[in-house]
Amino acid sequence: MTSLRTFGQFITDTFRILATGSRYYYAWIGFLLLLIAIGGGAYLRQLNDGLIVTQMRDQVSWGFYIGNFTFLVGVAAAAIMLVIPAYIYDWEPIKEITILGEMLAIAALVMCLGFVMVDIGRPDRFWHIMPLVGRLNWPQSMLAWDVIVLNLYLLLNWFVVTYLLFCAYTERHYVKKLVLPLVLLSIPMAVSIHTVTAYLYNGLAARPFWNSAILAPRFLASAFCSGPAILLILLQVLRRTTKLSIKDEAIFKIAELMAYTMGFNLFLTAAEAFKELYSGTEHMVYFQYLLFGLKGHTTLVPFAWASILCGLAAFILFLVPKTRTNWVTLNLGCVLIYASVYIEKGMGLIIPGLTPDVLGDIYVYKPSYTEIAVAAGIFAIGFLVFTLMLKAAVPMMLGEFTLTRGRRAAEADPT
Amino acid sequence: MTEPRLNHPDQGCGGRREFLGTAVAAVAAALTGCGKISHEEFLQHNFKELSKDEVLSVIARLEKEYKEKFGKEVKVATTPPLPGVIFGYALDLSRCVGCRRCVHACVKENNQSREPEVQWIRVLELEKEEGVNLQHADQYYNPEEVPREGHFYMPVQCQQCKKPPCVKVCPVGATWREKDGITVVDYNWCIGCRYCMAACPYGARHFNWGEPHLPSADVNPDTHYFGNRPRPKGVVEKCTFCIQRTRKGLYPACVEVCPTGSRKFGNLLDKDSEIRYVLENKRVFKLKEDLNTQPNFFYFYGV
Ligand code: SF4
Ligand code: SF4
């Protein structure tokens, strides 16, 4: 009973932290809310008129939404990039920041589910896809699998984060026997969400561009590049703006690991491109559309090459120890690799998979204003979730805000 | 309540129909834009799981809705597959002239949306020198006169696969293959995820991107639950071999209208059927055979 009351206290106190902050905090939240409102408005229009307000059509039946979804599944999965070395090799400097990775995963998953929700034509029928109440076509449909693993992964991360913070708040040490197995479980879970998402495309014999055995490995490799890139930047921001101490060593270690995954990612991409272009079968057309354009349609070409060049440049920056340990070049590398993977796993994966379509028709897809506005709204929701989690978590992790101390401080606060 | 149920954006979010007083219905209402669905519709389960009584009430509800919307009687049949029948289709590539009459007869028969127009048959113009090479196909051909010199024509519609990838991938089981070999969609269960569209190797599935616009005068009132009954927006649809006709022993509309007799249709289990004659006496091929979808739709060169 008392622990239940303490938990209630934990929740109300958390809200109290969220409600108070600096001017910048309010401005940032206000900005996110504005974006959410814009996205919400666009989404309302989509609900009313149907998906016709997007640029998707029968030929290219998935687009920007599903591209973002795919990319963000990668971000969510990349949390394990930090958990693996921390727990398997018992590498202390990273351990303290795994909770950040888990929070990032939660925010990314919220965005993933948001993108799926806005992409379906009948969101009012969402219950059809819920296990037990609806009719999940499991184990046949890869999408059914995806729904299950994504939600389990979300639940798992959410539980671990809440539990760890609650322990910090009540100034108790967390029960290692409970947390360690869960954290270890999150490793195969993270691999599985990305693998299942890759299989979603991979299993479609109708789409040769996706029907390649190394699609899932490529997904994982690229996720291990982009996910940590976000974290590296975030860690630096947190070091500056809070009292959280994150050692240089931890950041450089992550950067080093990223260099390997980037190299591997480039290798896999090259392997795929070689197979398609050298054997030169009819299946090459999709790569052609992506890299060189087809029958005069070259919309994707600049993006595709930008992605490749960014990826290469980032790889070099991360590979050379000197640039890897220089803050300017390190951050530049992070931005480059993020951009590279965002293009590759978003539009660069979905659109050429569907163009030319199964009967050879080329429909040139570009996202509409509505799609971009709705996507911006979903990203803002993700950022909002993440900001709020951080806002509450950081003082708790630092031991500044606990059951005894935080409450007194809050009560003493005249505002 | 004779008000049409078409939702015009300018009508705003007025509560016109009875709703469940629950939060669930409120969410559903919010998610449909302005809540144009009744709670019976919202709570309707997958067709395969409905009892006989539930089917009757669903059909009554649909017929009532269509009457309100179109101002005329629309019959919705649920005729089950005929025993001992598996439908097969064969298309003679040496006869088809690419006039697209099948395309338009199909739209008329099957109550497709006219604006934007949804077409279940796509006729490809192919180069004689290339043969069946889809990368050289043009479906927007528009010459003064067909057939065009040096070209031949290949209509493509749902191939009614024996191993349909569209059915395999659907996350909610909204689409399945019936005993007579027709793959159907439960338009009231489909969530509009479009996974089946990505999976179909023949581009046979079409999505209602906007609210389907079907003028009352054009409505074909003789419909089937899985076939040509008017569809809502946000769901997938496809060729059903005119299930509303063929289960009554009629030919599909495209077979009937084709001026060159390129289209052959019949029961694969009936030794004396025309389709069996084609399979016996002509050499047929299946489109994209390597994908092992095993279509019951065959192409052949009659002459
Ligand atoms: S042709 Fe396409 S829609 Fe028709 S059964 Fe085969 S996969 Fe399904
Ligand atoms: S669009 Fe409808 S029929 Fe197609 S896979 Fe999704 S739910 Fe199933």
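Tutor: Helix H11 (residues 284-291) of chain A is mostly covered, with seven of its eight residues buried. Buried means under 20% relative accessible area, exposed over 50% and partly exposed in between, using a 1.4 Å probe and protein chains only. Helices (H or I, at least four residues) and strands (E, at least two) are DSSP runs numbered from the N terminus. This is a predicted model, in which local features need pLDDT of at least 70 and side-chain atom pairs count only at pLDDT 80 or more, while totals for chains, interfaces and linings use all residues. Residues are numbered from 1 along each chain as its sequence is written, chains are lettered from A and ligands numbered from 1 in the order in which they are written, and side-chain values use heavy atoms, with hydrogens and water left out.

The buried residues of H11(A) are Met284(A), Val285(A), Tyr286(A), Phe287(A), Tyr289(A), Leu290(A) and Leu291(A). Their cover includes helix H10 (248-279), helix H12 (301-319) and helix H15 (347-354) of chain A, where contact means heavy atoms within 4.5 Å. Just after H11(A), Gly293(A) has a positive phi of about 90°.

Turning to the aromatic side chains, the whole structure holds 42 aromatic pairs over all chains. Rings of Phe, Tyr and Trp (its six-membered ring) pair if their centres lie within 6.5 Å; planes under 30 degrees apart count as stacked, over 60 as edge-to-face and the rest as tilted. Phe47(B) and Phe226(B) form an edge-to-face pair, because their ring centres are 5.0 Å apart and their planes stand at 75°. This pair links distant parts of the chain, 179 residues apart: Phe47(B) is in the loop between helix H2 (39-43) and helix H3 (52-70) of chain B, and Phe226(B) in the loop between strand E8 (222-224) and strand E9 (236-237) of chain B. Phe47(B) counts as buried at 13% relative accessibility, as does Phe226(B) at 4%. Phe226(B) also pairs edge-to-face with Tyr225(B), the centres being 5.2 Å apart and the planes at 85°.

Tyr225(B) is buried, at 0% relative accessibility. Arg229(B) lies over the face of Tyr225(B), 4.0 Å from the ring centre; such a charge has NZ of Lys or CZ of Arg within 6 Å of the ring centre and within 35 degrees of the ring normal. Arg231(B) is placed over the face of Tyr187(B), at 5.7 Å from the ring centre.
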